[in-house]
Amino acid sequence: MKFAVIVFPGSNCDIDCYKAVEDTVGQSVDYVFHTATDLSAYDAILIPGGFSYGDYLRCGAIAQFAPVMTEVRKAAEEGKFILGICNGFQILTEAGLLPGALIRNNSLKFRCHQVDLIVENPKTAFTNAYAQGEAIQIPIAHGEGSYYVADETLASLKANNQIVFRYAGDNPNGSVDNIAGVSNEAGNVVGLMPHPERAVAEILGSADGARMFTSVLNAWRERNGAASIR
Amino acid sequence: MKAKVYVTIKQNVLDPQGNAVQGALHTLGFNEVGKVRIGKYLEVELDTNDRAQAEERLTVMCEKLLANTVVEDYRFELEG
């Protein structure tokens, strides 16, 4: 399986994502620059955290028009596995690949600490190694992670089971309905504010994020195993 | 031609910055202050004299980039 980690000017969690792939699933992984125009070689695309284009105008507003995003859109349509973490989540919402928007934390503070999450949907490509309702710990690090959707979109997210993670207990940023992560309708595109790549070993404080990477390997094997048996 | 573009947070979306400024104004004794909302103001110079075309193009600019219509509204004025 081949992973791409997209690098924008201002990405700063790209190395963590790259190392997390190596350490959790040991699959092939490349850094792919924002100017790339071909992602056909990759099975999974990780959009890392950071401050792409300095967060100018809005977080992710400029990044959504980078050349590589045309390819990311294409990959999403083809059903490839796409994960946006933190700024990557903001970019995917700005690009319209995920519903909603991320706005300033209600505390106005940059919150950087471990949070308790509940896995609300273990059926996506990135959560199949978790149990429904499982409580996990993954750190957050953001100033603009308050998830907002209009009421009617929220109702459709619930109806389609697109809420992937919720904050348990304290809501760190004012997100609507305690939402920490969502997926697209098909479940191949997932975005979340917490950083699973920073929670892949006990020495980091938690290893609960590692299964997001094993999940996508499972999903890929399931998809390709079925094809290769014949 | 010059455009003034205003991007504002939708009324039903929380504006924590606006709330903080409202609180600060109250602390300063400006008790008449009600709700405060913070938005963005952009000046855009356009290389055209065609008003209709400018409006059309500005609308596309706002929809595509200048505003995120999930959480923001926009309006603009043309000068010259």
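Let's start with the active site: the unreviewed UniProt entry lists A:C86, A:H195 and A:E197 under that name, and such annotations, given here in the numbering of this model with feature names shortened, may be inferred rather than shown by experiment. The three are spread over 112 residues of sequence, yet they cluster in space, with a largest C-alpha distance of 10.9 Å.

A word on what you're looking at. This is a predicted model, where local features need pLDDT of at least 70 and side-chain atom pairs count only at pLDDT 80 or more, while totals for chains, interfaces and linings use all residues. Residues are numbered from 1 along each chain as its sequence is written, and chains are lettered from A and ligands numbered from 1 in the order in which they are written.

So, where does A:C86 sit? You'll find A:C86 in the loop between β4 (81–85) and α3 (87–94) of chain A. Helices (H or I, at least four residues) and strands (E, at least two) are DSSP runs, numbered from the N terminus. A:C86 counts as buried because it has 28 C-beta neighbours inside 10 Å. Buried means 20 or more other C-beta atoms within 10 Å of a residue's own, exposed means 12 or fewer, and partly exposed is in between, with C-beta atoms placed from the backbone. Leaving aside neighbours within four places in sequence, the contacts of A:C86 include A:C13, A:H142 and A:H195; a contact is two C-beta atoms, placed from the backbone, within 7 Å.

Now to A:E197, in the loop between β11 (189–192) and α5 (210–229) of chain A. A:E197 is buried too, with 31 other C-beta atoms within 10 Å. Beyond four places in sequence, A:E197 touches A:C13, A:D16 and A:I85, among others.

Strand β6 (residues 111–119) and strand β7 (residues 135–142) of chain A run antiparallel, joined by eight bridges. β6(A) also pairs in the antiparallel sense with strand β9 (residues 163–167) of chain A, over three bridges; pairing takes at least two bridges found by DSSP. There, A:L117 has A:Y167 as its bridge partner.

Stepping back, chain A has five helices and eleven strands. Its C-alpha trace spans about 50 × 40 × 35 Å along the principal axes, and buried residues make up 55% of its 230 residues.

Finally, the neighbour: eleven residues of chain A are in contact with nine residues of chain B.
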